[in-house]
Amino acid sequence: MAGGLEQLELGQLRESPSSPSSSPLSSCSRQAWSRDNPGFEAEAEEDGAKAAGKGPVLQMEPSQLPQESGEAAESPLPSPPPPPSPPPRRLAWAKGWARRLRGLWGTRLMEETTTREKYLKSVLRELITYLMFLLVLSILSYGMVSSNMYYYTKAMSQVFLDTPISKMEKINFKTLSTMEDFWKFTEGPLLDGLYWDMWYNNKTVTENRSFIYHENLLLGIPRMRQLKVRNGSCLIPEDLQDEIKDCYSVYSVGNEDTAPFGLRNGTAWTYSSEKDLHGSSYWGLIATYSGGGYYQDLSKSREKTSDLIAGLKNNLWLDRGTRATFIDFSVYNANINLFCIVRLLVEFPPTGGLLTSWQFQPVKLIHYISTFDFFLAACEIIFCLFIIYYVVEEILEIHIHRLFYFRSLWNCLDVLIILLSVAAIGINIYQTSAVDRMLKELLENQNSFPNFESLSYWQTQFNSIAAITMFFVWMKLFKFINFNRTMSQLSSTMSRCAKDVLGFAIMFFIIFLAYAQLAYLVFGTQVDDFSTFPDSIFTQFRILLGDFDFTEVEETNRILGPVYFTTFVFFMFFILLNMFLAIINDTYSEVKSDMAQQKSEMELSDLIKKEYTKAMVKLKLKKTPVDDISESLRQSGGKLNFDELRQNLKGKGHTDAEIEAIFTKYDQDGDQELTELEHQQMRDDLEKEREDLDLDRSSLNRPLSGRSFPRSLDDSEEDDDDDSGHSSRRRGSSSSGVSYEEFQV
């Protein structure tokens with residue numbers, strides 16, 4: 001039996017040298033294609049050659065051959081029995097699932113792509129996954145914002161900001177100027193806005209609750225809070241100490257007054273810390289204020305609230321040391337399921353007078369009520385799954401490439417998007433849990449102040465994070481668009497002119513900041529647009545856009561005003577901005593000329609067209625490329641030049657790389673025209689390719705014959721990627737023409 005095994009091995013060795021010559025022309029054709037076509041797939045060539053060279057070979061393990069008793073005695077030591085191998089089908093099934101699981105995170109940075117087509121397939125898979133992620137994120141982002149929020153804010157601002165303090169005076173909250181105006185506002189528009197106890201027909205509302213506009217429930221009770229600075233917090237010059245006895249500085253935590261004053265009883269006259277009030281600091285127009293202070297909780301009825309405000313006014317609750325007064329309350333509209341957290345701030349600067357600001361924050365704190373809310377909940381779950389998917393992907397890529405991973409700006413952007421998304425998920429979870437706790441406390445004691453300040457803060461942060469994340473997610477689309485030849489011109493232009501732009505930016509901002517400092521020093525004391533140095537910078541950007549009040553500057557300084565404006569516009573607009581445009585324009589021209597000289601490669605759009613053509617051909621809804629070329633040859637008659645063939649095949653959905661490859665194959669004299677002899681050679685090759693295609697189609701529905709052998713998983717996967725090439729590998733051809741497999745780049 002050993003002799004039989006040796007004969008079997010010799011038979012295999014005899015078959016192996018002869019098999020590569022079974023299709024010599026196809027191999028030569030592939031070599032010519034690899035020299036002419038940049039999109040040639042070397043890996044597909046090697047697999048095809050191996051498949052053609054090996055042929056059907058029967059392999060048997062020595063343990064499977066029958067052994068004679070004499071032969072068994074000749075072996076010095078009995079070989080141990082081989083370990084039981086898993087069934088082939090189960091092993092193939094396990095390998096298939098492992099390949100599919102690994103393919104879920106098969107990105108360009110994790111796979112070795114040897115060909116342009118496989119590289120683009122990986123890019124296309126990433127793009128489709130990313131577009132799904134973008135769709136889910138867009139639904140969530142636009143689902144949390146609606147036009148009702150704008151109308152809600154507008155309605156509330158009209159009540160408290162635009163209502164005059166009296167019928168005889170046109171002053172409203174926005175135009176308050178003195179403490180007297182503030183008290184008139186609290187006794188007039190504030191009370192009228194908080195308590196709607198009368199209908200338009202002068203009938204009293206029967207419900208013992210306050211509904212602003214009769215639609216928005218006032219949650220709990222409102223609160224007034226003030227912050228003060230102590231006397232003597234600033235230094236008085238010695239020459240004026242006899243004239244000036246009191247001095248109250250600008251607000252700061254160090255200058256804050258915490259001593260009791262006035263009646264010295266109750267929370268309105270004794271200081272409460274930020275920790276006791278569960279508050280937080282707030283950034284006003286003049287300073288950043290702490291969350292503590294002297295506060296007075298109002299009532300749910302109009303009469304009691306009016307009495308409380310009158311008591312504060314009569315006992316001089318506001319004095320020279322007051323630096324800020326807050327009015328906080330929250331409302332809920334069940335019609336649109338929205339809360340509105342309102343804060344009205346009045347700041348008293350040490351210069352005298354007052355400044356007003358406000359914040360209306362509509363938030364959706366109660367989720368999952370309507371059908372659309374449950375749809376958003378499903379999208380939130382899908383979004384979390386996407387984040388988990390991308391976290392695993394980034395961990396694998398960082399594990400493979402280590403610190404080199406962060407050299408790419410796109411990779412850093414991926415990590416940033418994931419971090420922002422995780423932060424948004426954490427804030428959303430915190431808000432959901434905090435709302436349930438606060439609403440439970442509010443329902444237990446409805447005469448307490450609902451402190452939704454922290455929820456308002458975190459909602460603002462959540463909106464900012466969601467907006468930034470949405471911006472970066474859309475910007476990341478350039479990562480995939482850059483694979484298009486036209487779109488890549490933008491990134492190439494910006495990268496090539498980066499040094500020139502950096503040098504220009506240094507020169508630009510030197511002159512720009514010099515003008516900003518000049519304007520701040522000259523006009524800052526009288527013009528609001530130049531009152532601070534940052535305002536001066538933003539005002540100059542507005543000048544470049546044409547949004548500027550020249551008359552106000554001219555009235556401030558009749559000499560330096562016109563000189564400043566004229567020279568700034570001349571240097572910044574007519575000279576520097578045009579230099580910037582010239583840099584971009586010249587670089588773009590260079591990039592465009594360089595890309596025109598580059599050899600065309602397969603693009604993402606070409607891959608999509610190719611896969612679409614394959615699907616249409618399989619469904620018999622479109623002719624094969626062989627039929628398109630044959631039809632073009634029949635229509636040409638005599639000679640056919642490159643431009644005619646290109647125009648004809650481009651109209652049928654073929655790419656430039658395919659057309660150039662097929663024309664170069666048969667244009668032997670290089671005159672950009674196909675003669676009758678070259679026509680005939682192309683026709684013969686196309687007829688043979690058509691026969692191969694017909695043979696493949698007829699064998700698709702046919703069971704495996706005796707000469708058919710099961711292929712390995714790698715071979716079947718390669719054939720799936722190039723489903724028309726196996727016919728050319730099975731069949732040898734005597735012509736030097738291009739095959740259909742070679743035609744498909």
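**View 1. Trp 474 sits in helix α13 of this predicted model.** The relative accessible area of Trp 474 is 42%. Because buried means under 20% and exposed means over 50%, Trp 474 counts as partly exposed.

**View 2. Trp 474 is one of the residues of a nonpolar surface patch.** The patch covers about 750 Å². Three elements, α13 (453–475), α14 (477–481) and α15 (488–496), each give two or more residues to the patch. Which element gives the largest share? Helix α13 does, with three residues.

**View 3. Cys 234 and Cys 247 are joined by a disulfide.** A disulfide is a covalent bond between the sulfur atoms of two cysteines. The structure holds one such link. In the model, the S to S distance between Cys 234 and Cys 247 is 1.3 Å. The angle about the S-S bond is -115°, and the link is left-handed. Both Cys 234 and Cys 247 lie in the loop between β2 (216–228) and α9 (274–277), so the pair ties together parts that are 13 residues apart in sequence.

**View 4. The two ends of the disulfide, Cys 234 and Cys 247, shown by their accessibility.** Cys 234 is partly exposed, at 22% relative accessibility. Cys 247 has a relative accessible area of 13% and is buried, because the cut-off for buried is under 20%.

**View 5. Cys 379 is buried, and so is Cys 497.** The relative accessible area is 6% for Cys 379. For Cys 497, the relative accessibility is 0%.

Terms used:
Residues numbered from 1 in each chain as written. Predicted model: local features only at pLDDT ≥ 70, side-chain atom pairs only at ≥ 80, totals over all residues. Heavy atoms only, no water. Patch = residues over 30% accessible without salt bridge, like charges linked within 9 Å, V, L, I, M, F, W, Y side chains within 5 Å. Areas by Shrake-Rupley, 256 points an atom, 1.4 Å probe, with all protein chains shown as cover. Salt bridge = Lys/Arg side-chain N within 4 Å of Asp/Glu carboxyl O. Helix = DSSP H or I, 4+ residues; strand = E, 2+ residues; numbered from the N terminus. Buried < 20%, exposed > 50% of the residue type's maximum accessible area, 1.4 Å probe, protein only. Disulfide = S-S within 2.5 Å.
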